[in-house]
Structure formats: structure tokens, C-alpha cells
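Thanks for coming. I'll go through a few points on this protein and keep it short. Please have a look at it first.

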Amino acid sequence: MAAMPDTMPRPKRPRVIVTRQLMPAVEARMAELFEVVLSAQDHAFSRDELMAAVADCDVLVPTVTDRIDADILAAAGPRLRLIANFGAGVDHIDLSAARAKAIMVANTPGVFTEDTADMTMALILSVPRRLAEGEKLMRSGAWAGWAPSAMLGHRVGGKLLGIVGMGRIGLAVARRARAFGLSIHYHNRRRLPADVEALGVTAFTDIDTLLRIADIVTLHCPHTAETHGLISAARIAAMKPTAYLINTARGEVVDEDALIGALTNRRIAGAGLDVYNHEPAVDPRLLGLDNVVLLPHLGSATVEGREASGERVIANIRAWCDGHRPMDQVIEGWA
């Protein structure tokens, strides 16, 4: 459906509703520039709260915890013309419904690339070397001392790393992984330029072949209709029994039930997860497994990244107020 033209004048001091607490410096700057309503309690908005918010603002600043579907957008008042998302992922926003109502959507791409790549590399190292198990053993007081056969993991160097999704984060992971002696292979919607592949990465047009041969698989694709359940039960079953799966992308990309079964039955060696199917709920079966490292969605959790993302939100709002397209506009086609 074609978007309605945006013919309404844009306010110089728009009413902005922010759904979660941001960094103090970012909130202070917003208070200087906008008529801003900040989140005092920092909780995920309920549907009723989201509906009330979209009916009473010029700009909404949501995060990944806010599910903004067509029904929420149907409740939007005529003032709402920009959703300035805090974060790169926009799978929680119905982009088609926003487009139909001429509501621009902007995000903050690239801000968390290095942070998420660092966390991915931490999981790539920690899962095969059983760092979480070792830390728990030390805290339990049960460690009996060093022994030649105790707490044996697997060497990371020399292994084949399969990267699914070779965008900014995938490339940043590849740079780090090369330094640890991993062989870099990838599957992507588009093949990388020759000068990038010359750095020592190998393309796979067939994801199934890559999953069958990889020692470690790390996921960096966005969550879309096409990637929902991409790592299916059949694909997990095809992985090596010595393989590890790392996910710092979106939980919905993986068939979580199949993964839990594979980990429980030792069909694959282990996993490192920073995202889950039903956040913040975590399947209790995962909590009892010793071959999976579980993190509470820490990929972007740095002071520097969160401040930079907030500044990008502000820049997007200010560009819109000045009559320009936000530099990080997600949907094209507005007048």
C-alpha cells in the first residue's frame, strides 16, 4: 500500500514520548530540545500504555521491548509522524502499517556493532572452554584442584566458524575470529565484494552445507518473516555433534524447542545464547543445562553504545523537525 503524503507541518519542539529509561545525558539533552515525556519507572509499556502514547505525541521513541503492531498504530493520533526507535532492529514494529499511515520509522544502525561482536566473541571462547561451568564450580566450593583430565573443553583455534548473516556485526566478528585462528566461512543474502573475501573469508550460497561442516555457528541475521525459524529442527540435527551454536541476533531465528532437545540429548556440543524466543521469559529447560551459556541480552549493554544510540535518536528527531528525512529512516516513500 502506498504511503499517505506527510503534509502536516513539523513542530520545532515536538512532543516526544520515550518508553524506557535512557542514559542520563541523553535524557537531559532531550529535555532541552523537546517536550519530552520520559519513563520514570523503566518498565516495558503495556498495550494500553502504547496506545495512549501513540495517541498523544509527535514522536515515539520505543525499544525492542515494545511491540508496535497494526492495532497499536491504528490508535495513533494525527500528530504522530515519526517513530524514532532506540536500537537497530525494527522487527517489533509493523513497518507496513506505519507506512500506510505515513509514519516515518528511524533506527540507530551500526551503533552497537563492536559491542555485539565483542559479546559474540566472548561466547565463542567461553562455550567450548566451559568457562561458565568452571566459574560455577569455583563458587560452589567443590573444586578439588587441577587434574589432567578435569574440565576438558575444546580448542578454538583452527576450527571452522560459520557466520550466518555477514552484515556489520558479522564482519566485525570475522575480524575478531581471525585473530584467534578460526577459519571464516559465511552465508549471506548477498555475496561480499571481492576485496573483502580476499581477506580470507569463504562464501556459501547454501546455508545447509555451511551448517553441516561448521564447528561453531554464529547468527547475525535480522529477524524477518524469511528468517523466522531459520535454524530449524532439521538444520540443527544436521550440525556436527561436536558443533556449537552462538546466537546474539534474535531468539526467533532459532527453533528453540529443537535446540533445547539437541542440547539435552548432546546432539550438538553446546550453545551460547544472548537472546530468546519469549524474552524476558527463558525456557526453564535451558536453565538446567550445563552445556549452554545464558546471557541476559547483553550484546549492546555498554555505556558507550547506549549513549551513542540515544544521540542518534536525537539526531533523527531533529532532522525530522527541520523538514528533512532522518538519516536512519527505515522506510522510504514519503513526500
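On disulfides, the count is zero. This is a predicted model, and the cut-off for a disulfide is two cysteine sulfur atoms within 2.5 Å. Cys57 is in no disulfide, and the nearest cysteine sulfur, that of Cys321, is 12 Å away. Seen from Cys321, the closest cysteine sulfur is the one in Cys57, and 12 Å is too far for a bond.

Are these two cysteines buried or exposed? Cys57 is buried, at a relative accessible area of 1%. Cys321 also counts as buried, with 5% relative accessibility.

Next, the sheet. Seven strands make up an open sheet with parallel pairing. Reading across, the order is β8-β7-β6-β9-β10-β11-β12. Which strands sit at the edges? They are β8, residues 201–203, and β12, residues 292–294, and each of them pairs on one side only. On average, neighbouring strands of this sheet are turned by 20 degrees against each other, ignoring direction.

Last, the surface. Met138, Trp143 and Trp146 form a nonpolar patch there. Together the three residues have about 450 Å² of accessible area. Of these, Met138 lies in helix α6, which spans residues 131–140.

That's what I have; I'll take questions now.

Methods:
Residues are numbered from 1 along each chain as its sequence is written. This is a predicted model: local features need pLDDT of at least 70, side-chain atom pairs count only at pLDDT 80 or more; totals for chains, interfaces and linings use all residues. Side-chain values use heavy atoms; hydrogens and water are left out. Patches are made of residues with over 30% relative accessible area and no salt bridge: like charges are joined within 9 Å, nonpolar side chains (Val, Leu, Ile, Met, Phe, Trp, Tyr) within 5 Å. Accessible areas come from the Shrake-Rupley method with a 1.4 Å probe; for residues, only the protein chains shown count as cover. A salt bridge is a side-chain nitrogen of Lys or Arg within 4 Å of a carboxyl oxygen of Asp or Glu. Helices (H or I, at least four residues) and strands (E, at least two) are DSSP runs, numbered from the N terminus. Buried means under 20% relative accessible area, exposed over 50%, partly exposed in between (1.4 Å probe, protein chains only). Two strands pair if DSSP finds at least two bridges between them. Axes are lines fitted to C-alpha atoms, for helices over the stretch in contact, and angles run from 0 to 180 degrees between N-to-C directions.
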